[in-house]
Amino acid sequence: MNSKIKKIIYSGIVFLSVFGMFALMANYEHTLAIERHKQDARDTLLMTQTNLESIITSRMISMGGIAAYIEIDNEISQLEYSSFAKNIYASADEIVKSMTFITDTTITHIYPYEENKAAIGIDLASEASQRDLILYAKNNLKAVFTAPVNLVEGGIGIIVRIPVVVKEAYYGQVAIVFDYDKTIAASGIESLSSEYVVELAGFDSLSGEKAIIWNNDGNPVGDSIIQEVNLYDSTLILTVLPREGWQGKTVLYYMLWFIGVIVSSFAFMGMYKVLSFNDDLKGANEELENTIGRLQISEAHITHMAEHDALTELFNRRKFVEILGAQLNSGKTGSVLLLDIDNFKNINDTLGHVYGDKVLVSISKRLLEAVEGNAHVFRFGGDEFIVLMMDITDTDSIDRCIENIVCHLDLGNEVEHIKNHITASIGVSRYPANGNTVEELLLKADIAMYSAKKSGKNKRQFFFDDLISNFENRINIENRLRGALKSNEFMIYYQPIIDAKTGDLSSFEALLRLKDLSMPPNEFIPIAEENGMIVPIGKWVIREVLDQLQKWEASGFETKPVAINLSPRQIYDATISEFVEDELNSRGIDPSMIEIEITESVLIDNKEENMKVLSALKKIGLIISLDDFGTGYSSLNYLTYMPVDKIKLDKSLKDRFIDMEDTKMMDGLISIAHGLNLEVVVEGVEEAGESEKLIATNCDYMQGYYFGRPAPADQVHDSQGRLVYRSFTHT
Ligand code: C2E
Ligand code: CA
Ligand code: CA
């Protein structure tokens, strides 16, 4: 063999082995890319799944509230029904078409009333399209979820029916009709359409067969991905398959082939040169290295783009999945912090998206400053960020990190001379304790975040299993409350309110308790407010207080006016003033014996209608106080035109000011209130010293443990019928 052929063969071997290496790498990238694509699909599905779950389940829970109410008071009027349904309807972004109550099988109540009143009186058991489901819900006492149906009133709807049981027998059903098109639109499922063949299917309650709810182009068969959507007590199945198949041929894949050809050609030539000119060995080598170096740089650029968020330059979702996946595979521990910026929508809405983007960039920088050690920050899309803390799972360290984050977010967020008060709700899941797949950890962090947000924003929540069972827990509390209302297990405690000028007891506040004190009102009232049970409970409170006043009077005991807390839900009920008036009249009690305590949200949301109700209450002769002043929006300004007589300064506000050298701040606030013709009550007075300082201010009333704790009605008077409370010695 001559030396030229020999050189070509040697160089060819080098070519093939280098090229083979690249081929292997390209192949590997192909497999990885398909995995990534599937992961992306799962992430996108998760969004649709959560959307559907939250759109439908939350309204079903609210509807459950109406069912609960009807179980207690089955003579609900159309007006009462409407005032209930309105809240669900109003919060539903038109996704809810109507809410119907069916007594036995006949429509008796409907909301919205005007457009639908023609339906009243229709016996659905005689409508062929609905009869079977109506009877199914009636006979099995189970909630049913129907696939899209043609509605009697036209259009397509998805109907959910919840049976109502009165005295252990079937009484009727509440039905919530979701607008099919709007539900589908809000689920975001259509956004999957361009890329995937999608199918959303349910199971027909009657036949148990698969019923297609929505699909785009036929059914996705083959290597598809499936996601379950859990609704109340039924399950939907979401299936997708990419139109173009799973994509393994990424830019990097082609680049690898391309680079492979070039590098191996250079290797061939290099080898050939080496063999030809032994002397030039060094030169050829350098040339080869340079070329490879340049190719590596462009490859690095591509990788960078694939792993980073274009706006903030933080790592992106894909990188998160990769890093966390690797952590989990190698049995590491750590925690996932999911941050959702509170009220970010406001910034976008008021200052524009361009500005919003700048704030996001600023937030990213603050986050990077805030985390230290073995932690990474990712942008997860929109206003969601993730901090992955590797090797760290103990609560103290995580809390420290969160504190740091909260601090950085709030301090350094001035963009274009506008100071933004940035807070985030943070959900935390930990591995391996909370799961060993990326999806599970994300889902749990999300559940925790949602719970943090619900508990009032700027909060953090660690995932624990109970969060999932919270729903069941809620149902338990609801049942507990329902039972308590039926079998008279509530009672009222009375707490004295003292006249700051005379030291006399001037009135009481009525505070609701469970007789066995097994749960504080702060725990059950929010739930009763959310599901609407606060309305019947609140009516019980009013009757109970009025009965008590009557009893005290009858026994010749000294009586004082009683302040009753009314939650926003009770004010939304336009019939409340009539109710109060009737109850007062039937007992012959003077309206000046009752005060009403409301919270600020009543004055802010639903303003016009609430104003009417408040004015009606005032017209009867009730005094109205604004409770918890200093905890929320707290502007005195709008009180000028609100029908409010008193404000109650919250304990937290008092705590903030009372320790100051002098009480100037307090004085100022009180005199502004006086200027607006408002009387001032200071709450949560616990010590003699506080009482003295407050007397020196110009406040009108004081309330707190120092003067008297909330107590049952039979402990309000001593045996001579005199009121029991602590006064102060007037100097
Ligand atoms: P609220 O209307 O702000 O009631 C005052 C709360 O402060 C009561 O808590 C009372 O026991 C407590 N408190 C009074 N003095 C002091 C003090 O000196 N120090 C401290 N630390 N606390 C003091 P409670 O009874 O647990 O009620 C909690 C909340 O539940 C009430 O806050 C109110 O919002 C709600 N609530 C209670 N009863 C009813 C009701 O009948 N209807 C409605 N809608 N809400 C109610
Ligand atoms: Ca109150
Ligand atoms: Ca209060």
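## Overall build of a predicted chain

Take contacts in the chain between residues at least 6 apart in sequence: 66% of them join residues at least 24 apart. Contact here means heavy atoms within 4.5 Å. This is a predicted model, in which local features need pLDDT of at least 70, side-chain atom pairs count only at pLDDT 80 or more, and totals for chains, interfaces and linings use all residues. Residues are numbered from 1 along each chain as its sequence is written, chains are lettered from A and ligands numbered from 1 in the order in which they are written, and side-chain values use heavy atoms, with hydrogens and water left out.

The chain has 22 helices and 26 strands. Its radius of gyration is 34 Å, well over the 27 Å that the globule rule gives for 731 residues, so the chain is more spread out than a compact globule. That radius is taken over C-alpha atoms, and the rule is 2.2 Å times the number of residues to the power 0.38. Helices (H or I, at least four residues) and strands (E, at least two) are DSSP runs, numbered from the N terminus. Along the principal axes, the C-alpha atoms fill a box of roughly 130 × 75 × 40 Å.

Of the 731 residues, 49% are buried. Buried means under 20% relative accessible area, exposed over 50%, and partly exposed in between (1.4 Å probe, protein chains only). The chain exposes about 34,800 Å², and carbon and sulfur atoms supply 53% of that area. Accessible areas come from the Shrake-Rupley method with a 1.4 Å probe; for residues, only the protein chains shown count as cover.

There are 67 positive and 106 negative side chains. The centres of the two sets lie 3 Å apart. Lys and Arg count as positive, Asp and Glu as negative; His and the chain ends are not counted. Each charge is placed at NZ of Lys, CZ of Arg, CG of Asp or CD of Glu.

## Two covered strands

Strand β6 (residues 169–179) is mostly covered, with nine of its 11 residues buried. Strand β22 (residues 623–629) has five of its seven residues buried, so it is largely enclosed by the rest of the structure. Two strands pair if DSSP finds at least two bridges between them. The table lists pairings of both strands.

| Pair | Sense | Bridges |
|---|---|---|
| β1 (residues 96–103) and β6 | antiparallel | seven bridges |
| β5 (residues 156–166) and β6 | antiparallel | 10 bridges |
| β21 (residues 594–598) and β22 | parallel | four bridges |
| β22 and β23 (residues 646–649) | parallel | three bridges |

In β6, Gly-172 stands opposite Thr-103, and Ala-169 is the bridge partner of Val-166. β5 and β6 form a hairpin with two residues between them. Lys-167 sits in the turn, with a positive phi of about 45°.

In β22, Leu-626 stands opposite Ile-598. Leu-626 also has a bridge partner in β23, Ile-647.

## Two single residues

Asp-43 lies in helix α1 (residues 3–72). It counts as buried because its relative accessibility is 7%. Leaving aside residues up to four places away in sequence, Asp-43 touches Arg-317 and Val-321.

Pro-520 lies in the loop between β19 (505–514) and α14 (521–531). Its relative accessibility is 42%, so Pro-520 counts as partly exposed. From C-alpha to C-alpha, Pro-520 and Met-666 are 30 Å apart in space; in sequence they are 146 residues apart.
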